[in-house]
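Please open the model in your viewer and keep the selection panel at hand. The stops below move from one chain to the other, and each says what to select and what is there.

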Amino acid sequence: MAQSPMAQTMSQTAILDRSPAEGDEQVAPALKVRGYWASVFYRLRYDPVTMFFGAIVLLIVLAAIFAPWLAPFDPYRESIIGRLKPFGWKSHLLGTDELGRDLLSRLLYGGRVSLLMGVVPVCIATVVGGGLGIVGGFAGKSVNTAIMRTMDVFYAFPSVLLAVAISGAMGGGIGNGMIALSLVFTPAMCRVAETATAQVKSLDFVEAARATGAGTLTILRHHILGNVLGPVFIYASTLVSVGILLASGLSFLGLGVRPPTADWGLMLSTLRQSIYVNPVICALPGAAIFVTSICFNLVSDGIRAAMDVRM
Amino acid sequence: MIKYIFRRLLYAIPIAFGVSVVCFSLVYLAPGDPLQTILPSDASADTIAMVKAAYGFDRPIPIQFLKWLGRVLVGDFGESIATRRPVLLEVSGAMSNTATLVMFAVPLSFSLGYVMGAIAGCFPGRMLDRAITGTAVMGVSVPNYWLGIVLVIIFAVEMMALPATGMGANGSTAFSVFRWSDDRFLVLPVITLSMVPIGIIARTTRAAVAEVLNQDFVTTLRAKGLSEFAVVRHVLKNALPQVLAVMGLQFGYLIGGSILVETVFTWPGSGFLLSKAIINRDVPVLQGTILALSMVFVATNLLVDLLQSMIDPRIRRS
């Protein structure tokens, strides 16, 4: 079931109860039986759409990492006479911005901040929210109530609103923005992990493990974690695109990086004043956000289909 | 049913309380003293103590919270630091402008998203399905603040067909949805605001419809000799509760997402007020706006839950 994270109805999160030894039904019995992860990668490899967009994601990430070597110009060098010039002007491939800085270089550098601000909060939320969810789902009773009701409070805010409120109150900046986004993603992550854990917990193999004398930690590590990780990972992958959109949105509102640092959201916000002069140039940073977000979304859809997790 | 409504209402109270705690604590998230913005930097210790006492900041935090909550419950949200006007007036004015946008965006996005998703779900794998699914992914992925700028570039800058920003020549107070010259200002913000919910609802509906189509009762209906139209009607009805849950969340998204869209179109709604409050470090307005918006969201979720349980009695029993 394809759903956006914001549209997530967590109660429907299905569990992934396939042991690694189970074979793939597409494979003829005569062939070597693949493990679970091998069959996921097998399915991914023959999914051209996902492979294509995955390659673009990889390119975008690499371009951001290697920006200092790829950028043709210094992204901070201004020029009074060369402002808002069109594509190809004096070897500025994508023209220049409102202060005469090379737009291609700034887009490459901007990707670093935008990707970082989108991805780091998702990682934090996965660890914190996933951890809390597993604890809550496994412990049950009052621990579960305490954790989940607290999460419900944060869940009662529209995500954009909560992100803006927290980072706005804390005074903006990259760090505060990432804290705000982590707080936004944690409750949803926690719900996914909690639902999955509670479902796995009641299955026979957990009961069997307990009967053989396995301790709580052993059960968590060997029987719960592996089964919860699938849905959590899938959900985290859908959040990356949202994270990038929200992070750039915060920068757009002036709550992210401070000028002159290059960031897609901030570039869009400052170039917005110049739409009457050179509209195409002004739309470029947003196009970068859009393309990145689409690619992450499609890749995450593909991974979900390959992992056969219903959400 | 009445028991369920009562239980659900009881459940909403602690949530609303928690939301107000979060809103209250926003003041203390701010770096430094919450009074920094109103006090001059060279204020004497006496002045600081006096202002602190006047604003109640000299009391212990739980007492401050209870006093604040007591005032909020009777509609006193304090005074804006920037304009000196009561926050309630600022917020209610802005909320009504946001409501105007949401009033148009909700029917547009919900109906379009549902129809698109239903069509795609009924013809899985066909060209039509692929086209709709592709559009929906774009709708989900688009940064709406950028879409707004692109629409302004196309329709306002290049074609000069629609106004770029604002609420009309006479300002927000004279705005009327019954006047065509004013409605023109609505077109671009409403489209921009609707795009993401359209995508999300279309995706959810498609998945829900495809799932219901796989269930046994559909085969039974077909075997019974029902026309395809009647079958689809059953399927859509069964897919509705799931879609409704998402629509409720999307309503919240429309409220929250309006921050960015209103900033792009300088639409004087709650989102625009919020971004102004952030720039001015106007904490009472920030607090009041967020409290009001999130309470609307809590109320909507409550309504959606009740509506869902009316459509699908199974929810009531769980």
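Select chain A: where two of its residues are at least 6 apart in sequence and in contact (C-beta atoms, placed from the backbone, within 7 Å), 71% of such contacts join residues at least 24 apart. This is a predicted model, in which local features need pLDDT of at least 70 and side-chain atom pairs count only at pLDDT 80 or more, while totals for chains, interfaces and linings use all residues. Residues are numbered from 1 along each chain as its sequence is written, and chains are lettered from A, with ligands numbered from 1, in the order in which they are written.

Of the 311 residues of chain A, 51% count as buried, a residue being buried if 20 or more other C-beta atoms lie within 10 Å of its own, exposed if 12 or fewer, and partly exposed in between, with C-beta atoms placed from the backbone.

Now colour by pLDDT, the predictor's confidence in each residue, from 0 to 100. The mean for chain A is 80, and 86% of its residues reach 70 or more, but over residues 1-24 of chain A pLDDT stays under 50, although the model has 67 contacts beyond four places in sequence for this stretch. Where pLDDT is low, the predicted coordinates should not be read in detail.

Next, select residues 103-139 and 279-307 of chain A, which are helices α4 and α11; their axes come within 11 Å and cross at roughly 35 degrees. Axes are lines fitted to C-alpha atoms, for helices over the stretch in contact, and angles run from 0 to 180 degrees between N-to-C directions. On α4(A) the contact is made by A:L103, A:L107, A:G110, A:G111 and A:S114, and on α11(A) by A:I281, A:L284, A:P285, A:A288 and A:I289. These residues divide into seven nonpolar, three polar and no charged, where Ala, Val, Leu, Ile, Met, Phe, Trp, Tyr, Cys and Pro count as nonpolar, Asp, Glu, Lys and Arg as charged, and the others, Gly among them, as polar.

Move on to A:V164, which, leaving out residues up to four places away in sequence, touches A:L250, A:L253 and A:L255 as well as B:I259 and B:L274 of the other chain.

Then bring up chain B, which has 318 residues, 39% of them counted as buried, and which contains twelve helices and zero strands. Which part of chain B gives the most to the side that touches chain A? In total, 50 residues of chain B are in contact with 45 residues of chain A, and α9(B) gives the most to that side of chain B, with 13 residues. The residues on this side divide into 37 nonpolar, eleven polar and two charged.

Finish at B:W146, in helix α6 of chain B, which is buried because 29 other C-beta atoms lie within 10 Å. Apart from its neighbours within four places in sequence, B:W146 is in contact with A:L268, A:G286, A:I289 and A:F290, and A:I289 is also one of the α11(A) residues in the helix contact visited above.

How values were computed. Helix = DSSP H or I, 4+ residues; strand = E, 2+ residues; numbered from the N terminus.
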